[in-house]
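Here are my notes on the model, as numbered points. Please read them with the structure open.

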Amino acid sequence: MTIEFAATTHDTASGPLLELSGELDAATAPDALEAIRLLAPAAGQQLLVDLSGLVFCDSSGVSALIAARNVALAAGAAIALAAVPGHLARTLGLIGLAELFKTYPTTADARNAWAASASDQ
C-alpha cells in the first residue's frame with residue numbers, strides 16, 4: 001500500500017517549517033523540491049524539516065533534503081531535521097551525510113535549541 005506524499009510549509013518565529021510525510025521517492029521528490037523552492041528563510045533563521053510522517057525515503061528524497069540545506073545556507077540560515085525516522089537516519093549515516101544536518105527528536109526540541117542559540121548571540 002502506498003502512503004500519499006505531502007509537503008506542507010508553515011512560517012514560524014524561528015523560520016520556515018517544512019513537513020514531509022508519506023513516501024519521498026523519485027515520483028514525489030519533484031513535489032518536495034517545489035515546496036523547497038518556495039521557502040524563504042531569512043539570515044539567522046532556522047529552516048526546520050519535520051520528518052515525523054515520513055515512511056520511506058530513497059535517494060531522490062535525500063537529494064531533496066540536500067536541496068533544502070542549500071536553500072538555507074544560501075539565505076544565511078541554519079537547517080535542522082526533526083523526528084528523523086530510523087531508516088533515514090541509518091541511510092544518512094551510511095552515505096556520510098549525517099554530519100550535514102543537525103537533528104532533533106521533535107520540532108519542539110529543534111525550536112528550543114534554535115531559541116537558546118539565538119539568545120546567546
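**Notes on the predicted model**

1. Start with the contact between two helices. From α1, Ala29, Ala32, Leu33 and Ile36 meet Ser60, Ala64, Ala67, Ala68 and Val71 of α2. By class, this contact of α1 with α2 has eight nonpolar residues, one polar residue and no charged ones. Keep in mind that this is a predicted model.

2. Next, the geometry of that pair. Helix α1 covers residues 29-37. Its axis lies 9 Å from that of α2, and the packing angle is about 5 degrees. Angles under 35 degrees count as roughly parallel. The two helices, α1 and α2, are therefore roughly parallel to each other.

3. Strand β1 spans residues 6-12. Seven bridges join β1 to β2, in the antiparallel sense. The two strands form a hairpin, with two residues between them. Within β2, proline 16 stands opposite aspartate 11.

4. How many of the ten residues of strand β2 are buried? Eight are, so β2 (residues 15-24) is largely enclosed by the rest of the structure. The cut-off for buried is under 20% relative accessible area.

5. On to the pairing of β2 with β3. These strands pair in the parallel sense, over seven bridges. Glycine 22 has leucine 54 in β3 as its bridge partner. The chain crosses from β2 to β3 through α1, and this β-α-β crossover is right-handed.

6. Then β3 with β4. Strand β3 takes in residues 46-57. Five bridges join β3 to β4, and the two run parallel. Leucine 48 has alanine 80 in β4 as its bridge partner. A right-handed β-α-β unit is made by β3, helix α2 (residues 59-74) and β4.

7. The remaining strand pair is β4 with β5. Strand β5 is residues 102-104. Three bridges join β4 to β5, which run parallel. Lysine 102 in β5 stands opposite alanine 80. The chain goes from β4 through helix α3 (residues 86-94) to β5, again as a β-α-β crossover that is right-handed.

8. What does alanine 78 touch, leaving aside its neighbours within four places in sequence? Its contacts are Gln45, Gln46, Leu47 and Ala72. Tryptophan 114 is 36 residues from alanine 78 in sequence. In space the two are 9.0 Å apart, C-alpha to C-alpha.

9. Please check the backbone at alanine 83. Its phi is near 55 degrees, a positive value in a residue other than glycine. Alanine 83 sits in the loop between β4 and α3.

10. Last, threonine 107. This residue lies in helix α4, which covers residues 107-120. Its relative accessible area is 19%, and threonine 107 is buried. Residues up to four places away in sequence aside, threonine 107 touches Leu17, Leu48, Asp50 and Ala82.

Definitions and conventions:
Residues numbered from 1 in each chain as written. Predicted model: local features only at pLDDT ≥ 70, side-chain atom pairs only at ≥ 80, totals over all residues. Heavy atoms only, no water. Pairing = 2+ DSSP bridges. Helix = DSSP H or I, 4+ residues; strand = E, 2+ residues; numbered from the N terminus. Right-handed = clockwise from strand over helix to strand, strands pointing away. Axes fitted to C-alpha atoms, helices over the stretch in contact; angles between N-to-C directions. Parallel < 35°, antiparallel > 145°, perpendicular 65-115°, else oblique. Contact = heavy atoms within 4.5 Å. Nonpolar A, V, L, I, M, F, W, Y, C, P; charged D, E, K, R; others polar. Buried < 20%, exposed > 50% of the residue type's maximum accessible area, 1.4 Å probe, protein only.
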